[in-house]
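Have the model open as you read.

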Amino acid sequence: MEENVMENIFLLVLVTLLSVLQNAFFAQKVEKECKADQTKTAAFDRVYCASRNCMDAYPTFIAVMWCAGICLSQAPAAFAGLVYLGARQKYFVGYMGQTSQSTPGFLFGKRILSFLFLMSIVGVVSYFLSHYLATDYKEYIQTVTKAASALLLLP
C-alpha cells in the first residue's frame with residue numbers, strides 16, 4: 001500500500017482493529033457464561049443480549065467512522081471511534097449488571113454515532129462545494145471538527 005494512502009487511514013485501521021478485539025472479548029464473555037451453566041440463566045440472557053445489541057450497532061459504527069475519516073478528517077474520526085469503543089464497553093458492562101445501568105453507555109454511544117454521521121455529511125457537502133462551486137472550506141471545517149471532537153467527552 002502506498003505510504004501516502006496509509007498515512008490517511010492509519011488511525012482508522014487502528015481503531016477498527018481495537019474494535020475487533022473488543023468484539024472478541026464480548027464473544028468470549030458470552031461463551032464463558034454459556035459454559036458456566038448448562039441451563040439458560042438470567043446472567044446468560046443479559047450477556048447474550050448485550051453482545052447482540054453491540055453487534056447490531058457495529059456495522060453502523062464502522063461505516064460512519066470510515067466515512068467521516070475519509071471524507072473529512074482522520075484524527076477526529078478515530079478519536080470519536082475510540083470514545084465510542086469506551087461507551088460500548090460501558091454499555092456492555094452495565095448491561096451485565098442491571099439493564100438500567102447500560103443506559104448511559106447507550107446514550108453516549110448514540111451521541112458519538114450522530115457526531116460521526118454529521119462529520120460524514122459535512123465532508124460530502126464540503127467536497128461538493130469545492131468540486132462544483134470552487135469554494136474550499138475544507139481546512140476551516142477540519143479545524144472546527146478537531147475542536148468539536150473534544151466536546152464528545154462532556155457528559
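Is the crossing of α2 and α4 left-handed or right-handed? The crossing of α2 and α4 is left-handed, meaning that the near helix is turned anticlockwise from the far one by less than a right angle. This is a predicted model, where local features need pLDDT of at least 70, side-chain atom pairs count only at pLDDT 80 or more, and totals for chains, interfaces and linings use all residues. Residues are numbered from 1 along each chain as its sequence is written, and side-chain values use heavy atoms, leaving out hydrogens and water.

**α2 with α4**
- Helix α2 (residues 42–71) packs on α4 at about 40 degrees, and their axes lie 8 Å apart.
- On the α2 side, the contact (heavy atoms within 4.5 Å) includes Phe61, Val64 and Met65, and on the α4 side Leu113, Leu116 and Phe117 are among the partners.
- Its residues divide into eleven nonpolar, two polar and no charged (Ala, Val, Leu, Ile, Met, Phe, Trp, Tyr, Cys and Pro count as nonpolar, Asp, Glu, Lys and Arg as charged, the others, Gly among them, as polar).

**α3 with α4**
- Helix α3 (residues 74–97) and helix α4 (residues 103–132) have axes that come within 8 Å and cross at roughly 160 degrees.
- The two helices α3 and α4 are therefore roughly antiparallel.
- α3 passes α4 in a left-handed crossing.
- Contact residues include Pro76, Ala80 and Tyr84 of α3, with Phe108, Ile112 and Met119 among those of α4.
- This contact of α3 with α4 divides into 15 nonpolar residues, two polar and one charged.

Methods:
Axes fitted to C-alpha atoms, helices over the stretch in contact; angles between N-to-C directions. Helix = DSSP H or I, 4+ residues; strand = E, 2+ residues; numbered from the N terminus. Parallel < 35°, antiparallel > 145°, perpendicular 65-115°, else oblique.
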